[in-house]
Amino acid sequence: MDAIVVDELRKRYSDVRALEGITFGVRTGEVFGLLGPNGAGKSTTVKVLATLTKPDSGRAEVAGRDVVREPNAVRRAIGYVPQSSGVDRDATGRENLMLQGRVQGMSGRALESRVGEMLELLGLAEAGDRVVRGYSGGMKRRLDVGLGLVHRPQVLFLDEPTTGLDPEARAAMWDELERLAEGESLTILLTTHYMEEADELADRLAIVSRGRVVVEGTPEELKQSLRGEAVEVELGDGRAAEAEAVVAALDGVLEATVDGRRLRSRVASGARAIPSILSALEAKGIGVEAVTTHRPSLDDVYLHYTGREFAAEDEQGRAGDSGGNGPR
Amino acid sequence: MTIAVRHTWFMVGRQLRNLMREPIWIALLLVQPMVWLLLYGQLFKRVTHLPGGGFGTTSYITFLAPAIVIMNSFFGATWSGMAMISGLDRDVLPRFLATPVSRISLVVSQIVRSALIAVIQGAIILLVSLALGVRVHTGVVGWVVMLTAAALMNSAFAGLSQGIALLVRKEATMIAIANFIGLPLFFLSSTLISIRQIPHWMQIAAKFNPVNWGVIAAREVVLPGTDWNSVGFHLALLFALSVATAAFATWTFRAYQRTI
């Protein structure tokens, strides 16, 4: 049985279309990543699945329950870790966990021992009785995850679990999540705009762009779906559009796009394509600063399926976000 | 219903525990009423001798003390929405909304927390007044009435404040609105001076001012010649207003949920 079924969800906030028929399924026990830039609709999808907001149309089921018709059944079955920390900073870690367990219907000895176990599991045993205000960013985030797990949910939603953490804390968090995913036999849906994060954590992932899934598969499948190699050329001057046209027309070049002064292309063979790319550019008098080649990364996958640079759209997404649409 | 009550209790407990961790807060909140009681009360102590009277006592501090309990409760209430805004700013509220927690408990607990604090502060103000020589004419019953009036006064405006917080969702706007509502209602009442001493139009306005309802109820039980009908009537008015503003806050909470 699928732990999460998302079928043709649509949702708009006044004039912003957040979801445009997003569809995917998550199998029980897997870690599924929704990857995409800010504003692509990842968080809105999670909010619909966590029963925080209702879709305009479409259907979604979590743990076999419909999110619109049986929200309370869904709420008992899920843990939700919001994008910005939802911990009560004026309370201790233990108090936070106790309260969360209580509103999920736990009580007494069972709750106390579960909370102790969670603090241990999250490496917060020492800090459990200190006020959260004094926690580091990573500790706070781990407590957030603990709040999502205290009542032993079937499905855990992690909305951008490592955004705002420094690289060290992020790596530690990844280890933590991998451990939890194994130990608690959970289904995890995580959203991220970090390629490495999706690559590292997700069993399968869907790339989301403008409110719909553009491609779905394991990270390996997605990378292998792109034949050949990626060649990146740093251009010396501003004639990027011209360079793109020249390179795209070459034999052995599967696709080419520019981003500022960077020309990215996918080629059948790097060893054969690089000389012809360089000579074609030279013939036009376009200067080249540097050339690199690598196996296709998820970045290239994203570029291929959306036709846009990940980082570039990210900026656009942010600009759109500040335009005053519903979700903060 | 029992779930809503239990969850409200959990939420109030959380907030009070947090507050107890910084009791300096309650002390700070008491400084202002003490200034009114001790300094203002001394400064204007001869005001009770004004021709026209209407104070019901020659001791200005006796006249003032019950009104300060109400004033403190009122101002506390107008600010209570700030806690809601900080819960929205961090994702504390959304985190709870993804659980089966009773929705209404999230709003009502804020009002109950605010009213409880007002009662605790009110009791402290009354104890200080007692030390300053204020005598409550109706005794223990009077204390109960004053603290009830403080609780109702507070919940009436805490409901309004929560509702406004959920609508504006910005601290700066909230501060502006609290000031805009707070000061006029405070001055358009008999808090500081006998109703007979203020201009006629203000007397009329005061009749419709909930702050004045609370002041009347609290003052009646302190001064001799208590009019119990008036006490009951004004407490009933405050109760009705509390129900109305709690309904308003719940409605704005639903509106907020639609914007998530």
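My entries below go through domains, a sheet and a helix pair.

Entry 1, domains. I'm working from a predicted model, so I treat everything here as computed. I looked up the domain assignment for chain A and found domain 1 at 2–223 and domain 2 at 227–295. Taken over C-alpha atoms, the centres of these two domains of chain A are 40 Å apart.

Entry 2, the sheet. I traced an open sheet of 4 strands in chain A, and its order reads E2-E1-E4-E5 with antiparallel pairing. Then I asked what lies across E1, E2 and E4 of chain A. That turned out to be helix H1 (residues 42–49) of chain A, which runs at about 65 degrees to E2(A).

I followed H6 (residues 103–131) and H7 (residues 139–168) of chain B, whose axes come within 8 Å and cross at roughly 145 degrees. I logged the crossing of H6(B) past H7(B) as right-handed. By class, I have 14 nonpolar, 7 polar and 1 charged residues in the contact of H6(B) with H7(B). On the H6(B) side I jotted down several, including B:Arg113, B:Ala118 and B:Leu126. Facing them from H7(B) I listed, among others, B:Trp143, B:Met146 and B:Asn154.

Notes:
Residues numbered from 1 in each chain as written. Chains lettered and ligands numbered in written order. Predicted model: local features only at pLDDT ≥ 70, side-chain atom pairs only at ≥ 80, totals over all residues. Heavy atoms only, no water. Axes fitted to C-alpha atoms, helices over the stretch in contact; angles between N-to-C directions. Left-handed = near helix turned anticlockwise from the far one by under 90°. Contact = heavy atoms within 4.5 Å. Nonpolar A, V, L, I, M, F, W, Y, C, P; charged D, E, K, R; others polar. Pairing = 2+ DSSP bridges. Domains from an automatic or database assignment.
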